[in-house]
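Visitor: I would like to learn how to read a few features of a model, one at a time. Please give the general idea before the case at hand.

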Amino acid sequence: MKILIVEDNERVARFVTRGLREAGHTVEHADNGRDGMFSAASEPYDVIVMDRMLPGNIDGLGIIAALRKSGNRTPILILSALNDVDERIRGLRSGGDDYLTKPFAFGELLARVDALGRRSVEGGAQRVLQVGDLHMDLLSRRVTRGSRTVTLQPREFKLLEYLMRHANQVVTRTMLLEAVWDYNFDPQTNVVDVHISKLRQKLELDAERPLLRTVRNAGYMMCEHD
Amino acid sequence: MTRLIRSSALAWALGYVLMGLAALAAFAIPLWYAWNVTIFAGREELLRDDTQRLRSVFAHEGVEGLTAHINARVAMQIAGERTLLLTDARYRPLAGNLASWPRGVQSRPGTNAILADLPGQPARTLFIETLLPGDYHLLVGRDLARFVPLEQRFTWGLITAVTFLFVVGVLGAFLIRRALLARVQGIGQTVAAIMQGDLRHRLPVGGSEEFATLSRTLNGMLDHIEHLISGISNVSNSIAHDLRTPLAELRARLEEIALTRPPAAETFAEIEAAVADVDRVMRMFNALLRLAEIDSGARRSGFVRVDAAAVAAEVVEYYEPAAEQKGVVFSFETDGQASVTGDPVLLAQAVSNLIDNSLKCVAEHGAIRVRVGQRVDGAVEIAVADDGPGIPDADKPKATERFFRGDASRGTPGVGLGLSIVDAVARLHGGVLQLLDNHPGLRAQMVLPLAA
């Protein structure tokens, strides 16, 4: 993917750029609002990572609002040191697609960038999700593995749906908390892990191949094993 | 001078002087008008009656008769009482006590009232001028000298009153201003001392009731500020203290790597541990910021009607697998009467913190009961009860303090802010957090007002 990073802190920018390049992305960097605005408006990107507070007369939210006004729909991940619920809402309302508070783990950023990039590729509504021999029918809400029907609680269904929509991508615990439970605070015990292991028990019976991988220090990934 | 004009006391006093003058004018002007109208009109009527009488003499007895009549009256008259003059068409006097037709009096057809000055007379004279058939001119008049002293007295009285009012007003303004300034300066000096950092100063309460009330109010405000500031400095002290511990660990870890240069594998393990240390500090920061956000009351603007039972049910559902894994009996009950006005996210976090605490404390195969419902007194109760070790009575008051960690929580993850947040959320919603004994265990309950 081609990614633009607009971030004035040199160290953070270097850390993010290096990490994303290592993950196989093409990365460009602007260190102030004006250059960021110019790059974002003149070249197509798959994802833009935008710091909120920027030098150069225009801040992150201003750039996002201007881009959206001109019809630019590139997915944008907002980076911010402001952690209020209201600030998060304001960021998303201005046209951002996701919001990540500094400081962050690189794995979290990478997972979110991947999720955003994927969304821009697929877009449209699907009726059936499929990973290997696991099928999910979104209309009849039926989940089958091979010829076997998997019975899920509503919340488990939502969790699995999110994982399948982001198949072959790392999904972090925070992303799951936000998307599946709508909690943007951090419950201390890692209850998400327990939910995942329960789901895993239902999906992967003894003889079946594992589908739900735990990615160390990052989160989970739904994928067909080789 | 501008300072004097800007002085509010002076402005008020001058305002009162002006109001006094306006009141005086409101009193004097109608009086003056009524007096003028009554006296003047009455006077004119008398003269008109007189004129009418003379005209009827003229009508019956002709110009000779009238001349004789006027001469007779003038002869009998006390000087100055009436001014009478009869002239022919060319204004030559025929009879009367006026030597010639007075200047400034013009003759017109009909009967006219005219005010004119006569030479040698101290005051103006009111005339009724009549054109008689045959172009004879008849003038009947009376001077207004009798009213001059009265008028003068009235005018002088008015001037004296205005002057008195003005002098008293201005003098009063200065005195009031001085008294006010003295009091205000007293307050100003105390406030200046407080601004320089000595919060223990208080305003003297005394003197007039108004100022005493003001001083008491200000003192109350100062008490509150002092309380808040000491609270803040307590918090910053404890933050400094409690953040220092993990930061010291982090520092030691990093310095040790730098000094001992262990093999790569060990170095990476240490670095990962260091990142975990940083994350722990960040969690403390986030919790503290969240706490500050709640305490500021800003979240109240986003309050909506919330079904506390539904919020709690979701949190319970979230924790269910974790409880199951630990073999804990986890139950939830509600009577459905649990509408509160509040912030669903904060309420969820509070319930989550309570359940999280219980889950950490209870032994395997213990029990946690969550109950949401209406109390006898009408309030909504969100209770999380467990059969864990509980909190000793001595620790209960301290349990909601920031960074307090009881003996039971030693060795469990957490930063000691969970109950502080629950307490703050309860207070934000106009309720309280109660920590009760569950015999055995803890029963933590938020009691919130039922939504109207």
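Guide: This is a predicted model. We can start with one residue, Leu129(A), which is placed in strand E6 (residues 128–131) of chain A.

Visitor: Is Leu129(A) buried, exposed or partly exposed?

Guide: A residue counts as buried with 20 or more other C-beta atoms within 10 Å of its own, and as exposed with 12 or fewer. Leu129(A) has 18 such atoms within 10 Å, so it is partly exposed.

Visitor: Which residues does Leu129(A) touch, not counting those up to four places away in sequence?

Guide: Leu129(A) touches Met136(A), Leu138(A), Glu161(A), Met164(A) and Arg165(A). As for Val143(A), 14 residues away in sequence, its C-alpha is 9.4 Å from that of Leu129(A).

Visitor: What should I look for in the backbone?

Guide: Most peptide bonds are trans, and most residues other than glycine have a negative phi. In chain A, the peptide bond from Lys102(A) to Pro103(A) is cis, with omega near -5°. Pro103(A) sits in the loop between strand E5 (98–101) and helix H5 (106–122) of chain A. Arg141(A), not a glycine, has a positive phi of about 55°; it is found in the loop between strand E7 (134–137) and strand E8 (142–145) of chain A.

Visitor: Where does His439(B) lie?

Guide: His439(B) is in the loop between E11 and E12 of chain B, and Pro440(B) is found in that loop too. The peptide bond from His439(B) to Pro440(B) is cis, with omega near -5°, and phi of His439(B) is positive, near 45°. With 8 other C-beta atoms within 10 Å, His439(B) is exposed.

Visitor: Why is helix H8 (residues 418–428) of chain B described as largely enclosed by the rest of the structure?

Guide: Because 10 of its 11 residues are buried. Among them are Leu419(B), Ile421(B), Asp423(B) and Leu428(B). The cover over the buried residues includes H5, H7, strand E11 (432–437) and strand E12 (442–448) of chain B. Just after H8(B), Gly430(B) has a positive phi of about 75°.

Visitor: How should I read a nonpolar core?

Guide: In soluble globular proteins, nonpolar side chains tend to be buried together. Here the largest nonpolar core has 106 residues; Val49(A), Met50(A), Leu77(A), Ala308(B), Ala312(B), Val351(B) and Val425(B) touch the most other members. Helix H6 (residues 308–326) of chain B gives the most to this core, 10 residues. A second, separate core has 15 residues, including Leu86(B) and Phe127(B).

Visitor: How many residues does each chain bring to the contact?

Guide: Chain B brings 19 residues and chain A brings 16. The side of chain B that touches chain A divides into 10 nonpolar, 5 polar and 4 charged residues.

Notes:
Residues are numbered from 1 along each chain as its sequence is written. Chains are lettered from A and ligands numbered from 1 in the order in which they are written. This is a predicted model: local features need pLDDT of at least 70, side-chain atom pairs count only at pLDDT 80 or more; totals for chains, interfaces and linings use all residues. A nonpolar core is a set of buried Ala, Val, Leu, Ile, Met, Phe, Trp, Tyr and Cys residues joined through C-beta atoms within 7 Å. Helices (H or I, at least four residues) and strands (E, at least two) are DSSP runs, numbered from the N terminus. Two residues are in contact if their C-beta atoms, placed from the backbone, lie within 7 Å. Ala, Val, Leu, Ile, Met, Phe, Trp, Tyr, Cys and Pro count as nonpolar, Asp, Glu, Lys and Arg as charged, and the others, Gly among them, as polar.
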